[in-house]
Amino acid sequence: MNTTDNSGDVRLSGISKTYGAFTAVHPLDLTVPQGSFFALLGASGCGKTTTLRMIAGLEEPSGGTVFLGDQEVTHLPPYKRPVNTVFQSYALFPHLDIFENVAFGLRRRGIKSVKKQVVDMLDLVQLGEQARKKPHQLSGGQQQRVAVARALINTPKVLLLDEPLGALDLKLRRQMQLELKRIQTEVGITFVHVTHDQEEAMTMADTVAVMNAGRVEQLGSPTDLYENPNTTFVANFLGTSNLIEAEVDTKSGDDIVLKAGGGKLVLPEARCSAPTTTGGKVLVGVRPEKISLTHADDAGEIPEGRNRITGKIADSSFIGVSTQYVIDCPVCPEFEVYAQNIDRDARLVPGAEVVLHWNPAHTFGLDAAQDIDAGVDIEEEAA
Amino acid sequence: MATATEAPPLAPAPDKKPPRKRGRWTPYWLLLPGLLWLVVFFALPMIYQASTSVQTGSLEDGYKVTWHFATYWDALSEYWPQFLRSVLYAAAATVLCLLLGYPLAYLIAFRAGRWRNLIMILVIAPFFTSFLIRTLAWKTILADSGPVVGALNALHVLDVTSWLGWTSGDRVLATPLAVVCGLTYNFLPFMVLPLYTSLERIDGRLHEAAGDLYAKPFTTFRKVTFPLSMPGVVSGTLLTFIPAAGDYVNAELLGSTDTRMIGNVIQTQFLRILDYPTAAALSFILMAAILLMVTIYIRRSGTEDLV
Amino acid sequence: MPVVTWLKRHLVVIGGLLTLGYLLLPNVVVTVFSFNKPKGRFNYEWQQFSFDAWKDPCGVADMCGSLSLSLQIAFWATVGATVLGTMIAFALVRYRFRARGSVNSLIFLPMAMPEVVMAASLLTLFLNLGAPLGFWTILIAHIMFCLSFVVVAVKARVMSMDPRLEQAAQDLYAGPAQTFLRVTLPIAAPGIAAGALLSFALSFDDFIITNFNAGSTVTFPMFVWGSAQRGTPVQINVIGTAMFLVAVLLVLFSMVLGNRRNRQKA
């Protein structure tokens with residue numbers, strides 16, 4: 001851990017926050033290594049912003065300690081911490097122009113000749129022309145860039161971003177995601193990014209921590225989280241998952257064989273986060289895009305060794321790059337399948353009997369003792 | 001890679017207490033001087049006044065608290081006409097202010113366009129001329145030989161108002177009408193400004209929506225605009241009624257002995273006759289009456305947050 | 001019928017403009033009569049046009065003295081009320097403390113109290129304490145009744161301020177004092193200015209409370225009051241007109257200045 005430069009590490013140890021009887025953040029251990037792009041992902045009220053504000057010093061933790069590198073900063077006020085924040089809705093000073101907004105931090109630290117630095121920074125975010133405008137004269141995207149510039153000019157050890165793109169429209173948000181990623185690679189500063197948008201977290205971050213109800217549900221790279229969710233919350237909150245309740249039948253080699261409805265499903269043991277005793281329940285999950293759809297008449301053509309279940313198409317919607325089907329299966333009433341529009345089978349219309357099949361390697365297993373719908377639809381509320 | 005669980009053992013646990021929460025006493029220091037001022041020069045005087053109102057004695061021998069509540073009874077039985085007049089005049093002025101002020105506030109909020117700022121300035125600017133000078137100007141405007149009285153006479157309006165007891169003969173000055181007119185004039189801006197503030201907050205699209213939903217213009221006003229401007233109506237009427245009820249300047253300058261309001265009585269008792277207990281009792285009754293009316297009014301109108 | 005339609009459509013505008021006329025009529029009269037040359041002691045009837053009063057505005061005994069006294073009192077009352085009121089407003093918006101409700105009522109009551117009641121009770125206090133009536137008692141009274149208005153004006157502004165702005169300042173290395181001076185105060189400034197302006201106007205124009213607590217000291221409104229009994233000099237109208245014009249010009253000037261600055265920046 002202690003390599004040559006770890007001054008940009010953020011280390012949270014047993015940190016928690018309670019407001020009266022309400023616990024916003026349960027004791028939490030977290031290490032964000034120097035130079036990484038780290039995302040805290042969760043629905044509103046999950047404690048992600050509180051965690052960020054405790055790193056910034058804007059919120060006093062109820063317990064635990066905050067380290068920046070080797071320095072303990074738990075009780076340091078925000079103006080003595082080498083971290084800067086890009087606030088939600090930016091918090092640009094309305095009475096100062098863009099130049100003075102960006103120069104604010106430098107001036108407060110007693111630096112006299114700020115001109116060159118500010119001009120360079122404004123050029124970096126492509127706002128050189130706007131230096132003498134007031135914040136309200138800029139567009140949302142421009143204001144966002146000012147907020148980033150105002151924080152970055154102080155070369156903080158860590159840059160904290162609190163829903164920095166929440167106020168932008170979809171197209172601009174995509175553009176700014178790439179922009180922020182580029183800046184982070186360029187300056188090499190640790191970024192801690194709070195967002196409720198799972199797509200944003202996955203595009204930008206090296207590591208994502210999914211938070212729910214004041215706890216970190218799972219932490220890992222975006223691919224890891226998507227392919228191997230450990231909880232139903234993660235499985236449902238990141239993208240869509242089809243979850244089937246199944247019973248452990250036998251084990252064969254590295255695989256577990258399960259019974260679901262009348263059929264059998266195979267699940268690699270390494271991809272199962274639940275205990276697997278024979279006769280025990282397991283939730284079997286599979287992502288909608290991993291599934292192939294074959295009309296029941298052609299069931300014989302499906303290769304051996306694939307997991308398969310049968311059902312009836314309840315609904316289909318064509319959305320350009322793919323067609324999304326909702327299948328009514330005995331084991332799972334609303335099974336979702338995304339099929340690429342390569343060879344469209346004209347028989348696949350609502351009412352058609354179909355067979356769903358997928359490579360067992362794409363199956364994951366979850367503990368059945370959780371709410372099967374945790375994390376479903378939360379994104380809509382938060383957005 | 002980040003790790004969620006294996007946070008390395010901490011350096012020797014820092015055994016210092018968190019710093020004392022900053023600024024626990026700050027609000028009290030901020031409040032202290034101003035509140036002290038209000039307590040000493042606003043609240044305390046009320047107590048002194050209450051005590052004075054139940055004292056007896058004379059200016060020469062000094063006053064003593066004798067719990068002489070009869071002062072209240074005497075004051076009320078002698079001066080109830082002035083009390084009644086104050087309430088009536090103030091209520092009339094408030095209604096007139098609302099009727100006159102609403103179109104102006106509406107005009108500024110929705111119809112003035114680029115003239116809005118200019119009209120606002122014109123509403124506020126008269127404040128900068130002493131209100132006494134402006135009230136005296138009404139003496140000229142309503143002068144017996146002036147054009148206003150001439151016109152009202154020619155139209156026989158004064159016959160009607162005389163019959164109602166609002167004016168007497170061919171005169172407007174020194175009549176109730178002149179006093180109410182002066183009160184209305186003096187407190188009109190206090191009605192217009194809160195009305196404007198609450199009208200201006202109304203989304204103009206609501207008018208369009210109402211129109212779209214088959215409301216005629218007047219129905220739109222009755223069902224949408226007016227209810228939404230209620231906070232302005234409530235604070236405007238309060239800001240007009242309260243000072244008008246306690247005013248004695250208009251009654252003195254534009255009225256006669258027959259239009260004396262309770263303010264005139266208190267002023268005379270206090271500053272000329274030097275009957276402090278009676279003056280204090282009258283002032284106390286006025287305060288209690290106004291607070292009571294205001295409380296009931298606020299309760300009934302359902303607007304609690306006026307400040 | 002087009003006339004009727006037109007009238008119907010513009011009824012509100014006509015009504016509003018008539019009210020505006022009602023509001024401005026006395027000012028017109030005051031201005032016109034500042035050029036009058038009255039025969040008697042009272043300036044209520046038009047006699048003949050003259051510049052006499054404008055040439056010699058201080059030609060009336062004691063008038064300009066009372067004017068200068070009123071300006072001084074208004075200045076100090078504004079300073080006092082603005083400082084105390086701003087402090088209270090910040091405490092009310094920014095901190096949780098006990099007795100919030102009572103504090104709010106204490107602020108609200110002076111605004112809901114007829115002036116004559118406050119005037120009489122304050123005089124009772126001064127008489128009981130044996131305080132000599134004059135400059136200081138007037139100033140005390142003026143600060144008292146201006147205070148609440150400042151609190152209301154500043155409170156509204158501070159309440160609408162995004163608390164994240166101060167957090168952002170702290171995040172950008174500004175300590176508490178710096179944050180207050182560089183961010184909080186400048187953003188609250190319009191509210192404070194509005195409160196101060198209101199205080200000045202209220203104090204300068206106050207008659208009722210001053211009349212009770214002035215003793216033999218004469219402020220400008222008291223001078224006008226006295227002259228209504230003894231005889232109104234034309235110079236009163238000159239002062240009234242001049243104040244009106246100065247106020248309108250100042251506002252117009254600041255608006256033009258603001259517009260130009262905005263245009264340059266854009």
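How far apart do the end C-alpha atoms of residues 105-127 of chain C lie, and how much of the span is helix? I got 27 Å, with 74% helix and 0% strand. Helices are DSSP runs (H or I, at least four residues), strands likewise (E, at least two), numbered from the N terminus.

Housekeeping: this is a predicted model, where local features need pLDDT of at least 70, side-chain atom pairs count only at pLDDT 80 or more, and totals for chains, interfaces and linings use all residues. Residues are numbered from 1 along each chain as its sequence is written, and chains are lettered from A in the order in which they are written.

Next I looked up a helix pair. In chain C, α4 (residues 63-94) and α11 (residues 220-230) pack at about 145°, axes 7 Å apart. (Axes are lines fitted to C-alpha atoms over the stretch in contact; angles run from 0 to 180 degrees between N-to-C directions.) C:M63, C:S66, C:L67 and C:S70 of α4(C) meet C:F220, C:M222 and C:F223 of α11(C); contact puts C-beta atoms, placed from the backbone, within 7 Å.

Last, I checked chain C against chain A: 17 residues from chain C and 22 residues from chain A take part. On the chain C side, α8(C) gives the largest share, six residues.

How values were computed
Two residues are in contact if their C-beta atoms, placed from the backbone, lie within 7 Å.
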